[in-house]
Amino acid sequence: MKKIMVKTQDLKKYYETGNQRVKALDGVDFQVLEREFVSIIGKSGSGKSTLLHMIGGLDRPTGGSVTVDGIRLEELNPEQLALFRRRKVGFVFQQYNLIPDLNIYDNIIFPLELDGTKADEEFIQELLNILYIADKQEMFPSMLSGGEQQRAAIIRALAAKPAVILADEPTGNLDTAASRDVIGLLKVLSRQYQQTLIVITHDTDIAQMADRIVRIEDGKIKKGSDLYVGE
């Protein structure tokens, strides 16, 4: 039986804006099994990115709990949370966030160097070959297309061999063909390396590539929306 890799319980995130309280997340119960690919869909402002940030330890909840690979994030201090992010989670964002003054290879290994971890050269070269940018690794980000930069960002996310990959609108800057390629690659790689994959998207065609689709509305998981693709 697969274990639960990600679990939130009664997760809340509230913001105060003037005299108004915004409930970005309002009691979210959510779980993902190991090696599962789940897409979370919803309109802008629905809370889907906030949920991803909570799972990745990028923000603290107002209430409730987040557990990733058996680690309760609310029990971690800032230093422990930073280690958790570097070692347990790989992030892929809509903005590629590549450092312009570093070549592609150095961009990929930069987070590992921050963590004092030795890069697995063979593994990284394997990923560069799989994603067809091995011949681009000495180039700077500005010399690559958007799709190539996103592939580099995916390799950077995978380089530390994290248990969970979190992708927030990873195809937002790409055309339709490139978008499907990127999600297809994420899906193949997460299966190959036995990782859990959670993708935030507003694109229903992209969402259909997942094992399971969850819809979030007004900070809550929409009742009856948690469906396995094909049901």
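Two strands are taken as paired if DSSP finds at least two bridges between them, and helices (H or I, at least four residues) and strands (E, at least two) are DSSP runs numbered from the N terminus. The structure is a predicted model, in which local features need pLDDT of at least 70 and side-chain atom pairs count only at pLDDT 80 or more, while totals for chains, interfaces and linings use all residues. Residues are numbered from 1 along each chain as its sequence is written, and side-chain values use heavy atoms, with hydrogens and water left out.

An open sheet is formed by 4 strands in the order 2-1-4-5, with antiparallel pairing. Its edges are strand 2 (20–33) and strand 5 (71–72), each of which pairs on one side only. Strand 1 (residues 4–17) runs antiparallel to strand 2 and is joined to it by 11 bridges; leucine 11 has valine 28 of strand 2 as its bridge partner. Helix 1 (residues 48–55) lies across strand 1, strand 2 and strand 4 (63–68). Its direction is at about 120 degrees to strand 1, where axes are lines fitted to C-alpha atoms, for helices over the stretch in contact (heavy atoms within 4.5 Å), and angles run from 0 to 180 degrees between N-to-C directions.

Helix 5 (146–158) has 13 residues and reaches 19 Å from its first C-alpha to its last, close to the 18 Å expected at 1.5 Å a residue; the expected span is 1.5 Å times one less than the number of residues. Of the 13 residues, 12 are buried, so helix 5 is largely enclosed by the rest of the structure. Buried means under 20% relative accessible area, exposed over 50%, and partly exposed in between (1.4 Å probe, protein chains only). Among the buried residues are Glu148, Arg151 and Arg156. They pack, with the other buried residues of helix 5, against strand 6 (89–93), helix 3 (104–114), helix 4, strand 7 and helix 6.

Helix 6 (residues 176–192) has 17 residues and reaches 24 Å, close to the 24 Å expected. Its buried residues are Ser179, Val182, Ile183, Leu185, Leu186, Leu189 and Ser190. Glutamine 194, which follows helix 6, has a positive phi, near 55 degrees.
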